[in-house]
Amino acid sequence: MRRIALATGVELAVQEYGDGTPVLLLHAWGETHRVFDRLVPLLLDTLHLIVPDQRGVGESSKPPDGYGLFDAVDDVVALLDEMGVDACWIAGTSSGGYVAQQVALSHPERVSGLVLIGAPSNLQRRSPDFLVQQLSLFHDPVTRDDIHTLNGVLPLHASVPETYLEDQVIAALTIPTHVWRAGLEGLIAAEPPIQRGSITIPTLILWGEEDDVLPAEQGAELAAAIEGSHLVTYEGTGHLVLVEQPERVAEDVISFIAGLPDPVRNGTRTV
């Protein structure tokens, strides 16, 4: 892992893996790059993976402010600039997919395509009262009990290795209390990307049929709003699609990217 100084004034810790088509993996609120630990080995044969800790988490800078949606977008673009990546695919899980949508809308020339994994279409419509309530009880610094209590309201619908879950708890403890709160507030306050304009790049939407965090219709809303997008619904899967189904996510990501022309290579984009 290396830390890369950005024009936005922060340093992001970044892991890179593999060769081939570049894919930026964006974790969700309350997570670090470690959420992709089970996915990365499944993608290495064909893809060049760029896996950062976003601002405020893991080994990246933790400034007192700057946790709005557009702050995250600016960091993504600045990271691509510093790494010399003209355009890449972006795969975002949950709110990482919200950030990915806004990057594609604001900077379409930098995005070859999107993979939205359990991503919301609108975080303003449903007040996340259960998350706000849990955050109000967080200690400063955050404790293991805080994380376990929060995880208790985000149920799993599939068996997940205990070692992986423990790694996620350890990673979550790197996030300061003010970042937990400001990050959620920034996401809720932002106008939903698909209401700001049209996304017209290849997009794969992976949705859990039993999502118990986001309203059931949000996957279909994304598909309707993004012209030519492809919606795949996983049966027996909740909101944490990546955590519950890494093998299937990897298979669908590889197949979707491989089935489209590479815009970086030939200068074209298929919609």
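**Spaces, sheet and backbone**

The lining of the largest cavity is made up of 16 nonpolar, 9 polar and 4 charged residues, where Ala, Val, Leu, Ile, Met, Phe, Trp, Tyr, Cys and Pro count as nonpolar, Asp, Glu, Lys and Arg as charged, and the others, Gly among them, as polar. This is a predicted model, in which local features need pLDDT of at least 70 and side-chain atom pairs count only at pLDDT 80 or more, while totals for chains, interfaces and linings use all residues. Residues are numbered from 1 along each chain as its sequence is written, and side-chain values use heavy atoms, with hydrogens and water left out.

A cavity is a set of points on a 1 Å grid over the protein atoms alone where a 1.4 Å probe fits but cannot get out; a pocket is an open set with protein on both sides within 12 Å along at least five of seven lines, and lining residues have an atom within 4 Å of a point. Grid points are joined across faces, edges and corners, and a volume is the space filled by probe spheres set on the points. By this rule there is 1 cavity of 30 Å³ or more. The largest cavity holds about 360 Å³, and of its 29 lining residues W29, Q54, R55, Y67 and A72 are the closest to its centre. Two or more lining residues come from each of α2 (69–83), α3 (95–106) and α7 (177–189), helices being DSSP runs of H or I of at least four residues and strands runs of E of at least two, numbered from the N terminus. The most, 6 residues, come from α2.

The largest pocket has a volume of about 840 Å³. Its lining has 42 residues, with W29, E31, L154, H239 and L240 nearest the centre. At least two lining residues each are supplied by α4 (129–136), α5 (144–152), α6 (162–172), α7 and α10 (241–244), and α6 gives the most, with 5 residues. By class, this lining divides into 28 nonpolar, 12 polar and 2 charged residues.

Next comes the sheet. Its 8 strands form an open sheet with mixed pairing, in the order β1-β2-β4-β3-β5-β6-β7-β8; two strands pair if DSSP finds at least two bridges between them. Strands β2 (residues 11–17) and β4 (residues 47–52) run antiparallel and are joined by 4 bridges, and E16 stands opposite I50 in β4.

Strand β5 pairs in the parallel sense with β3 over 4 bridges, and L25 stands opposite A91 in β5. With β6, β5 pairs in the parallel sense over 6 bridges; the partner of T93 there is I117. In β5, 6 of its 6 residues are buried, that is, under 20% relative accessible area, with exposed over 50% and partly exposed in between (1.4 Å probe, protein chains only).

Two backbone sites remain. Most residues other than glycine have a negative phi, and most peptide bonds are trans. S94, in the loop between β5 and α3, has a positive phi near 55 degrees. S94 counts as buried because its relative accessibility is 15%. A cis peptide bond joins D140 and P141, with omega about 5 degrees, and P141 is found in the loop between α4 and α5.
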